[in-house]
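The sequence and structure come first.

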Amino acid sequence: MFNAYPLVISRGLAEDMRRLGVSDDGVEIMTRKSTFVAVMLENVPLRLAILLKQEALASGADFAIPGELLHLREGKYRGILFGPLPAVERTCEKMRMQPFKGRMLAEEVMEAIENSIRTPQPLRLRTGDLDFSKVRIMGILNVTPDSFSDGGRYMDVEAAVERAKRMVEEGADIVDVGGESTRPFSEPVPVEEERRRVIPVLERLLDEIDVPISVDTYKPEVAREALEMGAHMINDITGLGNPEMRKVVADFGVPAVIMHMKGTPRDMQVNPHYEDVVSEIISFLRERVRMAREDGVEHVVVDPGIGFGKRTEDNLRILRSLFSFRALGLPVLVGTSRKSFIGNVLNLPVEERLEGTLATLVISVVNGASILRVHDVKEAVRAVRMAEAVMGCMHHDGG
Ligand code: HH2
């Protein structure tokens, strides 16, 4: 209801206090005090906003809202609740007792905070769990004639299988097979054609490689056939918007990626506009996750859909704010690999975007992504492992 998501959760000073020789009890209490939290809230009715402001101030936190508090009119407000973690918790404790959905607001704030600092649950795959003790790399296998960066290179089954094996050797944790290019302005491919491209490759991969295989499709017919053969997960760029697709995924009990897209590949890059891109995508994903759960899809990964109906500045803002997407409590997948916004920033063609891609991957790791979808597996694995090593104790749940 309030679409609560964190803007910031700082890491607290546990490390520094331990190094200083502060006692264990002291570290525990003061780590919480030194953790700064800011949570965005939306659709807050005026009376609840005023109550929240009062309770926040009385607890040593604050609630920032637009305009002058005394002159606000009836209506719904967006605002930022912020302060040291214990002060925000105290505010929520008091809000629980308040009317006008105060309890619901408090629960949403605390849930967003807890979800964001916790490592997401492992993905339940048919072959076992995929945990997120480290960031996972999903290697892209496009069996299409026209994908924007590698179209036509792996159309032949043998070439595709070789490519997949290579990606696994290089450290891919998942291979994502797709038979339809969804680059801007592309046209949909008929089911039969997509089947013809994907199914023979999938058959070989299931036999010959031993990492989970995801199928990048939004067509229920293709997904059903792939899952019958043994594919491990579905990557749906239309975010399981099709009830038939939700049914197929639920029937097989496999995980699915729910991605955000504005419009369709054919029209998504024609003047995309958002009031607030992060808020809109989180709200969209929340709703789609709810619909998926209602229809029996248990394991979900969320993806803001870099490049799908977004301007360069939108893509940059999403990466900068990626941590906010953890509010949903689910693994966050990001696909920046070689995309146009990198070309736009660096003024470089698609075959020159590796370094730009690696920079976005490192930022994604720092900002809490769980899965990265990439073409250049070897380079991505190196950059990500290095970023993780430096981050080490910086993880939000590591104190
Ligand atoms: N991006 C592309 C395709 N599928 N799936 C998810 N979950 N997230 C993404 O960001 C994503 C995706 C587009 O990239 P690519 O597969 O390289 O190109 P094309 O669509 O031209 O085949």
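## Aromatic pair

Phe82 is partly exposed, at 28% relative accessibility (20% to 50% relative accessible area; under 20% is buried and over 50% exposed, with a 1.4 Å probe and protein chains only). Phe36 is likewise partly exposed, with a relative accessible area of 35%.

The model is predicted: local features need pLDDT of at least 70 and side-chain atom pairs pLDDT 80 or more, while totals for chains, interfaces and linings use all residues. Residues are numbered from 1 along each chain as its sequence is written, and side-chain values use heavy atoms, without hydrogens and water.

One aromatic pair is found in a search of the whole structure. Phe36 and Phe82 form this pair, with 6.2 Å between centres and 50° between planes, which is tilted (ring centres of Phe, Tyr or Trp, the last by its six-membered ring, within 6.5 Å; under 30 degrees is stacked, over 60 edge-to-face, the rest tilted). Phe36 belongs to strand β2 (residues 36-45) and Phe82 to strand β4 (residues 76-84), 46 residues apart (strands are DSSP E runs of at least two residues, helices H or I runs of at least four, numbered from the N terminus).

## Charges over rings

Lys262 has its charged end over the ring of Tyr274, 4.2 Å from the centre (NZ of Lys or CZ of Arg within 6 Å of the ring centre and within 35 degrees of the ring normal). Lys219 lies over the face of Tyr218, 4.7 Å from the ring centre.
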